[in-house]
Amino acid sequence: MNFLKGFKENKNKIFKKENFYYLTIIIIIFTLDRISKIQIINNFNDTPYYLNDFINLNLIWNIGIGFGFFSTDLSYLYNLITLVISVIIIILLHIFLNSNILDKLIYAIIIGGALGNLCDRLVYKAVPDFIDLHYNNFHWFTFNIADIFISMGIIIFIIRNFFLKN
Amino acid sequence: MKIIYPSFILIIFLFTSSCGGFKEAGKVLRNEKTTSTDEFLVKKRDPLALPPDYDKIPEPNSQNSDVKEENKNKVKKILQKSVEEKPSNNKTSSTEDSILNKIKK
């Protein structure tokens, strides 16, 4: 009963005027991510596209979570992970609605990126990663625009909560 | 709270982000073997495989008898040649004799 009550309260909070700007941020990040992914998927060849000495564009489909963990062909495990991600995003939305202004901005950035990746998991059954950051022969994890925003949100979150607490 | 916060951040980051693929950094974190051009690496041999015309190879005993017969034939041929060559040697000896005779005269 408490959960339903909280859900109804949150439902009313989402459409408040003060949350409008943050919802706009979520939609902008989600749209940017979607446009970039659609462009890459439609126009990409099999060969990596050279941008400069540090960045290549290379389309790789990730069926796991961050850092390629839980990459599995088992459909039930994939669906379970997708369910867990959905629950985490709902929790994040709940925290977002009950936070102060700066925290709302941080959570909006994270939720925008997370929704972008979740959408790919539901539509393509995998997340397309295409930004290949590298130095000489060492390649960092291939990532996408959503990952950039999630990482940004997490870094700001860490700085705010651990270094700028007072 | 001190323990919950970092784990909360880590869970959010791991599950919401999807950076991955199978690049070197991922392999190192997942403790996967990497292929490198190490000159001291021992090259692995290909697995053993039967030759394509394995059924056509003769059995061991049958091969021995054939070889023996072949050897016998070879010896016979050599002996025949040596017998045929002998008269020619005689001829040379006769020519020598004739030359010697002429010289003596």
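## Exercises on a predicted two-chain model

The secondary structure of chain B amounts to three helices and zero strands; helices (H or I, at least four residues) and strands (E, at least two) are DSSP runs, numbered from the N terminus. This is a predicted model, in which local features need pLDDT of at least 70, side-chain atom pairs count only at pLDDT 80 or more, and totals for chains, interfaces and linings use all residues. Residues are numbered from 1 along each chain as its sequence is written, while chains are lettered from A and ligands numbered from 1 in the order in which they are written.

**Exercise 1.** Determine which element of chain B has the lowest mean pLDDT and which the highest.

*Solution.* Begin with the order of elements: from the N terminus, chain B reads α-α-α. Next, take pLDDT, the predictor's confidence in each residue, from 0 to 100. The mean for chain B is 71, and 61% of its residues reach 70 or more. Where pLDDT is low, the predicted coordinates should not be read in detail. For the model, the scores are ipTM 0.75 and pTM 0.63.

**Exercise 2.** Trace the strand pairings that involve β2 of chain A.

*Solution.* Two strands pair if DSSP finds at least two bridges between them. Strand β1(A) (residues 49-50) and strand β2(A) (residues 55-62) run antiparallel and are joined by two bridges. A hairpin of four residues links β1(A) to β2(A), and Tyr50(A) has Asn56(A) in β2(A) as its bridge partner. On to the next pairing: six bridges connect β2(A) with strand β3(A) (residues 127-135), again antiparallel. There, Ile55(A) stands opposite Leu133(A) of β3(A).

**Exercise 3.** Describe the geometry of helix α4 of chain A and its packing against α2(A).

*Solution.* Helix α4(A) (residues 101-123) has 23 residues and spans 33 Å from its first C-alpha to its last, close to the 33 Å expected at 1.5 Å a residue; the expected span is 1.5 Å times one less than the number of residues. After α4(A) comes Lys125(A), with a positive phi near 65°. Helix α2(A) (residues 17-43) packs on α4(A) at about 35°, the axes being 8 Å apart; axes are lines fitted to C-alpha atoms, for helices over the stretch in contact, and angles run from 0 to 180 degrees between N-to-C directions. Residues making this contact include Ile26(A) and Phe30(A) of α2(A) and Ala108(A) and Gly112(A) of α4(A); two residues are in contact if their C-beta atoms, placed from the backbone, lie within 7 Å.

**Exercise 4.** Explain why Phe67(A) counts as buried.

*Solution.* A residue is buried if 20 or more other C-beta atoms lie within 10 Å of its own, exposed if 12 or fewer, and partly exposed in between, with C-beta atoms placed from the backbone. Phe67(A) counts as buried because it has 20 C-beta neighbours inside 10 Å. Phe67(A) sits in the loop between β2 and α3 of chain A. Its C-alpha lies 8.8 Å from that of Thr142(A), 75 residues apart along the chain. Buried residues form 31% of the 166 residues in chain A and 10% of the 105 residues in chain B.

**Exercise 5.** Identify which element gives the largest share of the side of chain A that touches chain B.

*Solution.* The contact draws 33 residues from chain A and 19 from chain B. Elements of chain A giving two or more residues to this side include α3 (75-97), β4 (138-139) and α5 (145-163). The largest share, seven residues, comes from α5(A).
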